[in-house]
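Let's take a friendly walk through the charged side chains of this model. Please have the structure open as you read.

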Amino acid sequence: MLYAQITGWGRCLPPARLTNRDIMEVMDTSEEWILERTGIETRRISHVMSADLAHVASERALACAGVQADKIDMIAFATTTADEIVPNTASLLQGKLGATGAACFDLNAACTGFIYAFQMVSDMIRTGTIKSALVVGSERLSSLMNWKRRESAILFGDGAAALVLQASTQESGFFQGKMGCIENTRELLAIPDYGLHAIAQHRPLDITIDFHGREIFKNAVNEMANACTEVLERSGLDLKDVDLIVPHQANARIVEALAKKLNADPEKIVITLDRYANTSTSSIPIALCEAIEQGRVRPGATILMTAFGAGLTWGALLLKWGERIAPLGESSIELPATDKTGLELIKEAIRLRENVWHDNK
């Protein structure tokens, strides 16, 4: 029997930081207000494209696995901030890596995208359709923010992470999952002018996130808890059998409410949102990579992942870690240097936004 074993992992966080105090320079708010409502202290702001973040994360994951890029059969690129729609951003990453044998696709299930991609690719490996894959989550969400909207702009950050999956006869990797989407909730979390419909109507691309926090909170907590409960029941496991819980890093209140609903041990929950904020599709793999680096992932560990996102999409999965927790190799690749701070990058984005809006009026 074949299993989809995780053999490599890598992440990329841009160097520029944007603190809550920095945000006070472009928005009427306070450090205390942001921290109390979100648990976020700082976030990273990218000076490069999503594909560049993904490239660094992927090279690190491949080196960790000891796998050459041209041996990868598939690249699954989960993102809500694709650099290009046609062709897909996965093919752009393919070229940067030299992954000449890889099939490539982008997947947009918002913040649940990595869960969707990981489960789909794992199933393909388990059935023998492919032997290896690179599953990537990468986001440059700061480029979409309207810094006049406090309820949404403070929540997001940039970053990427990647996992290498390979066929193995060792019992490890994904073994149970559940995915879904709540009907008629699309308007709760949406970017209505972010697509071809607005372009076809010749409307200015005034990108703003519509964000209904209270309804999102309720649906997110309920659906993630239900999904976690179902995958555990299907597997014949109890939450006490889970060694590590890696939730989508949306905000502290949602994670705390989920833990309470599941009656989960807080010591088992991985938290990175205080330092990186909500990085959408990349939040779970970034958190997993950090947990591995910190020694929190042990050989044979049972790991529960869960997420929700715009749509409203949701999902949960269980995986069993293999025996290896140390990288086979390291990559020396780094992002291009920048001397700009996160605040400088945000102010530049605000100026560009205002100029584009003025020119299109």
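Is arginine 234 buried, exposed or partly exposed? Arginine 234 counts as partly exposed, at 42% relative accessibility; here buried means under 20% relative accessible area, exposed over 50%, and partly exposed in between, using a 1.4 Å probe and protein chains only.

Before we go on, a word on the basis: this is a predicted model, in which local features need pLDDT of at least 70 and side-chain atom pairs count only at pLDDT 80 or more, while totals for chains, interfaces and linings use all residues. Residues are numbered from 1 along each chain as its sequence is written, and side-chain values use heavy atoms, leaving out hydrogens and water.

Now to the partner of arginine 234: its side chain meets that of glutamate 230 in a salt bridge at 2.8 Å, N to O. The term stands for a side-chain nitrogen of Lys or Arg within 4 Å of a carboxyl oxygen of Asp or Glu. The two residues are separated by about one helical turn because they lie four residues apart in helix H8; helices (H or I, at least four residues) and strands (E, at least two) are DSSP runs, numbered from the N terminus.

Glutamate 230 also forms a salt bridge with lysine 178, at 3.7 Å from N to O. This pair links distant parts of the chain, 52 residues apart: glutamate 230 sits in helix H8 (residues 213-235) and lysine 178 in strand S8 (residues 173-181). Glutamate 230 is partly exposed at 28% relative accessibility, and lysine 178 is partly exposed at 24%.

Elsewhere, a salt-bridge network links Arg11, Asp274, Arg275, Glu290 and Glu293. The count of salt bridges comes to 14.
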